[in-house]
Amino acid sequence: VSIITLRVTPDATTSFLTLEAPLHALARMFERGKLTDAEVRTSLNQATEAFLATDRFAMDRAARAGEDVILPAAPGLFIGKTLIAKDDRDKLRLFYRARTFVGIDDALPEQTPPLPADAPATNVLYRPVAGDSL
Amino acid sequence: VNTLALNEPQEEISRQRRFEIARAWKVHEPLRAAVPYAAKQRARALIDTIANERPISDVPSKVLSPIFRDFFRAAKNDSRQRAVARLKRLLPHASVRQHGAAIVIKSMWAYGPNVDDPIPVTPKRR
């Protein structure tokens, strides 16, 4: 059971699955973040925008290495992974699945969100596909 | 790090104590501490609210993910049961079921280091 967020590509030709927040992570937002429903929605959108702003090559590498990716979701952080899944056109797409949520004060020093991409052309939003499947 | 604490019987460790141990060991799910029931209920309620705000037939096809677009087009006039059956055919490797007004997909194929070698990603049992 999850909430997913979808976004439209900049050329407005299609949309794609961006972020998945499973029940467990959502419940942690209510428990640890003491959030209201409206604040949870805002946080999910914030995390979605942060994921889209990251460098897609870095996210691709993290997905293949199975590394955790941290995303800001005020007043805390999502801990989760970037995943690669095929869409119905056989393109490999990047999306993010949150595993859990921690308050900002409980995060470890090394648990920091990735920096945004250097240029818009290399961010996830510009081309949310994995590897060379362009 | 207080290693003795980990030898205490789990039921005798208070919630606060478990959290302190977890901080000391730098892990974030202290001894698999369960999510409180009330928090899960609130999360379920939010999922239901969002599902009711956006029933299947109301979602404009142009904003749907390509993964689901064909499904929504085909399932526009389906009952929920028929829509679930259709989605199961479309996503044979996913677990699809009905949850209130929402159709829930619980797993999805993802690809590991070798893209020719698919790995099923399934949520942990809770």
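**Figure 1. Aromatic pairs in the predicted model.** Over all chains, the count comes to 2 aromatic pairs, where rings of Phe, Tyr and Trp (its six-membered ring) pair if their centres lie within 6.5 Å, and where planes under 30 degrees apart count as stacked, over 60 as edge-to-face and the rest as tilted. One of them is formed by Phe51(A) and Tyr96(A), a tilted pair with 5.8 Å centre to centre and 45° between the planes. This pair links distant parts of the chain, with Phe51(A) in helix α2 (residues 37-53) and Tyr96(A) in strand β5 (residues 92-103), 45 residues apart; helices (H or I, at least four residues) and strands (E, at least two) are DSSP runs, numbered from the N terminus. Both Phe51(A) and Tyr96(A) are buried, where buried means under 20% relative accessible area, exposed over 50% and partly exposed in between (1.4 Å probe, protein chains only).

**Figure 2. The edge-to-face pair of Phe78(A) and Phe101(A).** The rings of Phe78(A) and Phe101(A) lie 6.0 Å apart, centre to centre, with 75° between the planes. Phe78(A) belongs to strand β4 (residues 76-86) and Phe101(A) to strand β5, so the pair ties together parts that are 23 residues apart in sequence. Both Phe78(A) and Phe101(A) are buried.

**Figure 3. The salt bridge between Glu20(A) and Arg97(A).** A search of the whole structure finds 5 salt bridges over all chains, a salt bridge being a side-chain nitrogen of Lys or Arg within 4 Å of a carboxyl oxygen of Asp or Glu. In one of them, the side chains of Glu20(A) and Arg97(A) meet at 2.8 Å, N to O. Because Glu20(A) lies in strand β2 (residues 15-22) and Arg97(A) in strand β5, the pair ties together parts that are 77 residues apart in sequence. Glu20(A) is buried, with a relative accessible area of 7%, and Arg97(A) also counts as buried, at 13% relative accessibility.

**Figure 4. The salt-bridge network of Asp68(A), Lys81(A) and Arg99(A).** The side chains of Lys81(A) and Asp68(A) meet in a salt bridge of 2.9 Å, N to O. Lys81(A) in strand β4 and Asp68(A) in strand β3 (residues 68-73) are 13 residues apart, and their pair links distant parts of the chain. Asp68(A) also meets Arg99(A), in a salt bridge of 3.0 Å, N to O; since Asp68(A) is in strand β3 and Arg99(A) in strand β5, this pair ties together parts that are 31 residues apart in sequence. Through these shared partners, the salt bridges join Asp68(A), Lys81(A) and Arg99(A) into one network. Lys81(A) is partly exposed, with a relative accessible area of 29%, while the value is 37% for Asp68(A), which is partly exposed, and 37% for Arg99(A), which is partly exposed.

**Figure 5. Chain A as the setting of these views.** Chain A has 3 helices and 5 strands, and from the N terminus on its elements run β-β-α-α-α-β-β-β. Of its 134 residues, 54% count as buried.

**Notes.** Residues are numbered from 1 along each chain as its sequence is written, and chains are lettered from A and ligands numbered from 1 in the order in which they are written. In this predicted model, local features need pLDDT of at least 70, side-chain atom pairs count only at pLDDT 80 or more, and totals for chains, interfaces and linings use all residues, while side-chain values use heavy atoms, with hydrogens and water left out.
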